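Please read the points below alongside the model.

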Protein chains: 2
Amino acid sequence: MKLTSNSPTAIRAATTMPEYKLIYFNARGRAELSRWIMAYGDINYTDERIERADWPARKSTIPGGKVPVLMVDDKPLPQSLAIARYLAKQAGLIPSDDLDAAYCDALADTLSEMMAEAYKILFAKIDEDEKKKKYKDDLYPNIISPLLHRLDKRLADREWFAGGKITWADLMLGLVFQGLRKKQPTMLKEFSSVENHVNKVVALPKIKQWIDSQPETPF
Amino acid sequence: MKLTSNSPTAIRAATTMPEYKLIYFNARGRAELSRWIMAYGDINYTDERIERADWPARKSTIPGGKVPVLMVDDKPLPQSLAIARYLAKQAGLIPSDDLDAAYCDALADTLSEMMAEAYKILFAKIDEDEKKKKYKDDLYPNIISPLLHRLDKRLADREWFAGGKITWADLMLGLVFQGLRKKQPTMLKEFSSVENHVNKVVALPKIKQWIDSQPETPF
């Protein structure tokens, strides 16, 4: 499946921008942050989605054999966060101050590690009750809750996560906790600053438009 | 243990630079790349090393409860690669071209994932024979060797990994494969471009000086 995203009235002149193609499974997963960033930044791209059944045949045609990969004209860029950071730069979503930019990088790595732990449970070959137990006894108290406490404190006196304006860290925060909240509807209840932040991010008109129009997939 | 590193003749005026303190275990591990970057860039810092026995008492005093953390004046920056990228920026080790900078980010994540898999085996509660088998049957053929093939091809016609000049990706490449080569002396034998690259990086005068003078630790 190929989808060409975003409006033809994109701000940047097409001639000055490389041609982008994001290759991933037909899923949100590790590509969705980059899709949000491109939606927010009016970056035109081809959203190439590989069906699971086609992956064994496609794998050897992908430089490095892994997805997501972003084709920048004919040059492949692997690694989901490297792709997202690069696109965030093009979309003006990186703080100009080096330390603020580093805070965004650190949050991205922390959220990515947290999601890797969550996926480990989600895709483990154990039954639903065991998954619930692992979430309740380990993932939530040891990883998710301490992070939510820190984020709630930080966001209590800031409009945005770093640098006084919206960055890719805000988009990732919104994406990740919106996703987790769908599975655990009360998760953010005692973290009102985080909850408000997530609500603010998903209500951004271009993000809302992308969420409402994107293909329905289980992950 | 506290060590104050690098020469007092550092190029930058002390007044314009923040005070840096890198807090980690008394080990190379996930802090060593940042130490190499600071050695290369003549960045003064306090190298605070926590002994394992002292960790339970210190953990609660560390913002976020995890190391490495870089104190930038009084502000804590967590996450080893966010720290390294920030310091690389200060040391002039990030390419000015966005896509070249993204290639460095992607390599850093790929090497970091590879090392995480290597550490999993190294620290697994299995005997030495089982570790050797996991290395031989899984880690080397599925993860290390494919990456070495790609890197060897890339470095065959380039003096540096990205952007035509030395970057933090070259330092990380040197650090990681020098470390693995110590454990597996023939590892780079069929990858002469990678081997030459590693040798070139570890022979850089400031890197050599740091390697020769750093505390001896098992990891």
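How many residue pairs are in polar contact between chain B and chain A, with both at pLDDT 80 or more?

1. In this predicted model, the count between chain B and chain A is 8 residue pairs in polar contact, both members being at pLDDT 80 or more. On the chain B side, strand 5 (75-78), helix 3 (80-90) and helix 4 (98-122) each supply at least two of the residues that touch chain A. Helix 4 of chain B gives the most, with 9 residues. By class, the residues of the side of chain B that touches chain A comprise 11 nonpolar, 4 polar and 9 charged.

2. Salt bridges between chain B and chain A number 4. The side chains of Asp105(A) and Arg85(B) form a salt bridge, with an N to O distance of 3.0 Å.

3. As to extent, chain B and chain A each bring 24 residues to the contact. About 2000 Å² is buried between chain B and chain A, and carbon and sulfur atoms give 57% of that area. Within chain B, the residues losing the most area to chain A are Gln79(B), Asp98(B) and Leu99(B), which together account for 25% of what that side buries.

4. A separate point concerns a hairpin in chain A. Strand 4 (residues 69-72) and strand 5 (residues 75-78) of chain A pair in the antiparallel sense over 4 bridges. Leu70(A) stands opposite Leu77(A), which lies in strand 5 of chain A. The hairpin has 2 residues between strand 4 and strand 5 of chain A, and Asp73(A) adopts a positive phi near 50° there.

Methods:
Residues numbered from 1 in each chain as written. Chains lettered and ligands numbered in written order. Predicted model: local features only at pLDDT ≥ 70, side-chain atom pairs only at ≥ 80, totals over all residues. Heavy atoms only, no water. Contact = heavy atoms within 4.5 Å. Buried area = accessible area lost by both parts, 1.4 Å probe. Polar contact = N/O pair within 3.5 Å; in protein donor to acceptor, adjacent residues only side chain to side chain. Nonpolar A, V, L, I, M, F, W, Y, C, P; charged D, E, K, R; others polar. Pairing = 2+ DSSP bridges.
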